[in-house]
Amino acid sequence: MVGNLLLRGMLAGLIAGILVFAFAHTFGEPLVDAAIAFEEASAQAAGEAAEPEIVSRATQAGLGLFTGVMAYSVAVGGLFALAFAFVHGRFSSLSARGTSAVIAIAAFVAIVIVPSIKYPANPPAVGNPDTIGVRTELFFLMIVVSLAALIAAVALSRRLSERFGLWNGAIIAGIVYLVFIGVVLYLLPPINEVPENFSAMVLWRFRTTSLGMHVILWAALGLAFGALAEKRVKGGQRGRPATAFH
């Protein structure tokens, strides 16, 4: 069962990756070009020598982007399927589609929304090359903390629901999650390395486009995997005892 769901998750990731690539290539790459043009103009004004282009922009925006997006989407699809296999029937009484949708929404909030509040996506020319290591570490730390807090909130909700009811338990756990995340966001160091003369419009459009890519990824994963998994789960339920998923 898990192996079959894993394949379906990777297939859902493949579908999601194609959609994300189409969106990123159409709306994201022109913004990257604008940011690179700003970086080159700034370097020229400062009298710095132009850096050699190891990989052409056409390759980066085409094959390179496609390869990166597809590899990431398929990998995330596989992890999504493993999460579904663990949750469905154990912690969720929803249908396969419902469970898939809930996982997608929760992952989008924990992996995308929360970290982006503190450390939003930036285009080329934004950020000091000397701090890229620190910025990467802080961003992934924010993802790990957010995911761990979400898992803890779900466990807390299940415990509280026994005493206060399902709805009240979920509300209390949600408030605890938000308060904890708020404290973490406050304590982590801010990073603001946007050049003063960088186009605010390009920066805003780049960040909203980046968010749009994640919306497409997680929405497509939730919907596609839910549809693909539903048939497999129903087939397994017809061929096995009901306790096979618990």
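**Helix packing, cores and salt bridges in a predicted model**

Good morning. Leaving aside neighbours within four places in sequence, Phe 80 is in contact (heavy atoms within 4.5 Å) with Ser 100, Ile 103, Ala 104, Trp 218, Leu 221, Gly 222 and Phe 225. Residues are numbered from 1 along each chain as its sequence is written, and side-chain values use heavy atoms, with hydrogens and water left out.

Phe 80 belongs to the largest nonpolar core, which has 27 residues. By a nonpolar core I mean a set of buried Ala, Val, Leu, Ile, Met, Phe, Trp, Tyr and Cys residues joined through side-chain atoms within 4.5 Å. Buried is under 20% relative accessible area, exposed is over 50%, and partly exposed lies in between, with a 1.4 Å probe and protein chains only. Leu 5, Phe 80, Phe 84, Leu 217, Trp 218, Leu 221 and Phe 225 touch the most other members of this core. Two or more residues come from each of H1, H2, helix H3 (96-118) and helix H6 (200-239); helices are DSSP runs of H or I, at least four residues, numbered from the N terminus. H6 gives the most, with eight residues. A second, separate core of twelve residues includes Ala 110, Val 114, Ile 181 and Leu 188.

I turn to Phe 21, in helix H1 (residues 2-45). Is Phe 21 buried or exposed? Its relative accessibility is 18%, so Phe 21 counts as buried. Beyond four places in sequence, Phe 21 touches Ala 61, Gly 62, Leu 65, Phe 66 and Val 69. The axes of H1 and helix H2 (residues 57-87) come within 6 Å and cross at roughly 145°; these axes are lines fitted to C-alpha atoms over the stretch in contact, with angles from 0 to 180 degrees between N-to-C directions.

Finally, the salt bridges, each a side-chain nitrogen of Lys or Arg within 4 Å of a carboxyl oxygen of Asp or Glu. How many does a search of the whole structure find? There are two. In one, the side chains of Arg 97 and Glu 230 meet at 2.7 Å, N to O. That pair links helix H3 with helix H6, 133 residues apart. Arg 97 is partly exposed at 43%, whereas Glu 230 is buried at 18%. Glu 193 also forms a salt bridge with Arg 135, at 3.4 Å between the closest N and O atoms.

Notes: Predicted model: local features only at pLDDT ≥ 70, side-chain atom pairs only at ≥ 80, totals over all residues.
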